[in-house]
Amino acid sequence: MFTELVAILALLQFFGFGLMVGRTRRKTGVKAPATTGNPMFERAFRVQMNTMELLVMFLPALFLAVHYWSDSLVAVLGAVYILGRHIYWRDYITNPATRHLGFALSALPILILLALGLIGAVMSLVGAI
């Protein structure tokens, strides 16, 4: 239940980043399909693209992990990911050189979720033998 909520929040966050890109495109005059031409637009665009790149791993890892582990544990890890994406957005827009904490708080939960999914699958497989 909590895991599904976290997944929805992560997708809404990504949607919000997309809206931010559109708003920034209008403010800066960067016409579609261009993805360069203004540093503020490029920052907003990179936040959205980096988030999409991580979502490809985050969502499957989230649902694999919750298949084997408690919903609360997995949801907390998912919430850390969402917080990390928020920090990444804030720092990248302000000064891209400071984005490291937000990236770490996004990537680390994904790695832990993947490990939990792998451990759960192996334990299940060993138990089935």
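**Placement and geometry**

Colleague: In which helix is Arg 25 found?

Modeller: This is a predicted model, in which local features need pLDDT of at least 70 and side-chain atom pairs count only at pLDDT 80 or more, whereas totals for chains, interfaces and linings use all residues. Residues are numbered from 1 along each chain as its sequence is written, and side-chain values use heavy atoms, with hydrogens and water left out. Helices (H or I, at least four residues) and strands (E, at least two) are DSSP runs numbered from the N terminus. Residues 2-28 form the helix that holds Arg 25, namely α1.

Colleague: What does Arg 25 count as, buried or exposed?

Modeller: Buried means under 20% relative accessible area, exposed over 50%, and partly exposed in between (1.4 Å probe, protein chains only). Because its relative accessibility is 18%, Arg 25 counts as buried.

Colleague: What is the relative accessibility of Gly 29?

Modeller: Gly 29 lies in the loop between α1 and α2. This glycine counts as partly exposed, because its relative accessibility is 41%.

Colleague: Which residue is joined to Pro 33 by a cis peptide bond?

Modeller: Pro 33 is placed in the loop between α1 and α2. Most peptide bonds are trans. Here the bond is cis, with omega about 10 degrees, and the partner of Pro 33 is Ala 32.

Colleague: How many nonpolar residues are in the contact of α2 with α3?

Modeller: The axes of α2 (residues 39-68) and α3 (residues 71-94) come within 10 Å and cross at roughly 170 degrees; axes are lines fitted to C-alpha atoms, for helices over the stretch in contact, with angles from 0 to 180 degrees between N-to-C directions. The two are therefore roughly antiparallel (over 145 degrees; under 35 is roughly parallel, 65 to 115 roughly perpendicular and the rest oblique). Ala, Val, Leu, Ile, Met, Phe, Trp, Tyr, Cys and Pro count as nonpolar, Asp, Glu, Lys and Arg as charged, and the others, Gly among them, as polar. Beside 4 polar and 4 charged residues, the nonpolar ones number 15.
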